[in-house]
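Here is a short briefing on one chain. Look over the sequence and the model before reading on.

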Amino acid sequence: MTQHRLNLTTICKGKVEIYTRADTQKKSWQARVKYFEGTGYYVKSLKTEDKQEAIDIAEEWYRDLKYKHDNNLVVRKRSVAQICSLYMDKLKSESDAGIVSKQKLDDYRPLVETYIKPFFGRRHIDSLKQQDIENFKAWCLVYWVSGPGSEIRGWTYCRNGKLIKNPAARSTKQLSEGSLNKICVVLRDIFKTAVANDAIDENKIPLITKKIGNNRSKKNGHSSRRPAFSNCEYDFLVSKMRAWPNAATNDDQIQRRLLMQDYILVLTNTGIRSGTESDGLKWRDIKYGIHKGKPYVEIRIKGKTGKRQIIAMPRTKNYLERIKARRTEVLGKAPSLNEYVFCLPDGSHIKNDYFRKIFRRALIEFGILKDSDGKERTPYSCRHTYATMRLLKGVTYEELSKNMGTSYKMLEAHYSHTTPLLMQDSLTRI
């Protein structure tokens, strides 16, 4: 094997190696230090051909690395592009494992490739300041009007062996609020990936706010109420869904409506996230038991916030067992523990992308698509309904945040409307 490192010299009591490389024309000295944790090396070009100068630079570099490591500062510099690659690899793995939907992967990839990587380029992610984020959002807003997107003349792609050319229509409108919000969501996820890979300290992440209205930022503590179902609306929904399969025109439609009914009931009684957590749920993740004489349902979740165990409402068992019974009837035996929970009797795995579409059609038919604020409900509204109902039953924010895999502050911000209802006895006391 060819030796690429020549003139190898160790300094700093063997902690640092300096050397020249045989595979480059320039004979500048290089340095490397073993990672303080894990395997691999920090590598630096010393940009000098003088050995003594190289030693001085390498010693100073090592002292700087050691100081940062000892004081929990970022040691391994990572560019935004590198973190984006780690993020997309993680998202691809989660998509392959059924933890997140393929639609999410397909939606987020162009946001990374079109906006985030081109703007931040090779800048180190730990060097980004608040003003950089504000400049980025302003750049995104006009991307298709006067930015790089305005210079795109069209797209060429192959379909059925033929080369298709589509001209690009020049946009006269800025990026929509919804699109900018989605970019902000992805950018926050990328910073979280950087934290997980020790590329930035969590306290150094800039504030990434969403734009609302006439480009005003959403203020902390003033988040709008999430679209959920009131108790009466939920009872109405359950009643309508119970009868909905009877109006189906064929058996396949009946089975899909029955599965959607149980899907919605499971979401509302567990608080799990539709899609990111429900799509990957398997029978092996569910456990029934009895604690102090009371039955319980325990579910192991893998999703947005990693792995956690939740305790569902006891009646959740009824809905899960109905799904299993329909599958067992066709299969002739209980489904495998490795089989996905939300399957049709024939074993077809149904994901949230499909449920979201037929749920919307059902709510339109039932006349309850929008809440009192005019916001459209989706399967995710079941999670908000679960949170509201649990808070009204006296579950604390702290208990609920752990079970739902979310923060105390988020619950307090989005479900503060439950507080007056919880205080109604004292508020109406005469």
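How many bridges join strand 10 to strand 11? There are seven, and the two strands run antiparallel. The model is predicted. Its chain holds 14 helices and eleven strands.

**Overall picture**
- The chain has 430 residues, and 41% of them count as buried.
- Among contacts with a separation of 6 or more, 55% come from residues 24 or more positions apart.

- Strand 10 covers residues 294–303.
- G303 stands opposite G306 of strand 11.
- In general, strands of a sheet pair through backbone hydrogen bonds, parallel or antiparallel.

**Helix 2 against helix 3**
- Helix 2 (residues 80–96) packs with helix 3 (residues 102–120) at an angle of about 175°. Their axes lie 11 Å apart.
- Helix 2 is therefore roughly antiparallel to helix 3, as angles over 145 degrees count as roughly antiparallel.
- Helix 2 makes the contact through V80, A81, C84, Y87, M88, L91, K92 and S95.
- Helix 3 contributes K102, K104, L105, Y108, R109, V112, I116, K117 and F120.
- By class, this contact of helix 2 with helix 3 has eleven nonpolar, one polar and five charged residues.

**Salt bridges**
- The count comes to 18 salt bridges. Side chains of opposite charge can pair when their charged atoms come close.
- R32 forms a salt bridge with E17, with the closest N and O atoms 2.7 Å apart.
- That pair links distant parts of the chain. R32 sits in strand 3 (residues 30–34) and E17 in strand 2 (residues 16–21), 15 residues apart.
- Are R32 and E17 buried or exposed? R32 has a relative accessible area of 13%, so R32 counts as buried. E17 has 19%, so E17 is buried too; the cut-off for buried is under 20%.
- The side chains of E376 and R360 also meet in a salt bridge, at 3.1 Å from N to O.
- This pair, too, links distant parts of the chain, 16 residues apart. E376 is in the loop between helix 9 (352–366) and helix 10 (381–392), while R360 is in helix 9.
- E376 is partly exposed, with a relative accessible area of 36%. R360 is partly exposed as well, at 37%.
- E321 and K324 meet in a salt bridge with an N to O distance of 3.9 Å.
- Where do E321 and K324 lie? Both are in helix 8 (residues 316–331), three residues apart, which is about one turn of the helix.
- E321 has a relative accessible area of 28% and is partly exposed. K324 is partly exposed at 22%.
- Which residues are linked in a network of salt bridges? D262, R322 and R326 are.

Note on methods:
Residues are numbered from 1 along each chain as its sequence is written. This is a predicted model: local features need pLDDT of at least 70, side-chain atom pairs count only at pLDDT 80 or more; totals for chains, interfaces and linings use all residues. Side-chain values use heavy atoms; hydrogens and water are left out. Axes are lines fitted to C-alpha atoms, for helices over the stretch in contact, and angles run from 0 to 180 degrees between N-to-C directions. Helices (H or I, at least four residues) and strands (E, at least two) are DSSP runs, numbered from the N terminus. Angles under 35 degrees count as roughly parallel, over 145 as roughly antiparallel, 65 to 115 as roughly perpendicular and the rest as oblique. Contact means heavy atoms within 4.5 Å. Ala, Val, Leu, Ile, Met, Phe, Trp, Tyr, Cys and Pro count as nonpolar, Asp, Glu, Lys and Arg as charged, and the others, Gly among them, as polar. Two strands pair if DSSP finds at least two bridges between them. A salt bridge is a side-chain nitrogen of Lys or Arg within 4 Å of a carboxyl oxygen of Asp or Glu. Buried means under 20% relative accessible area, exposed over 50%, partly exposed in between (1.4 Å probe, protein chains only).
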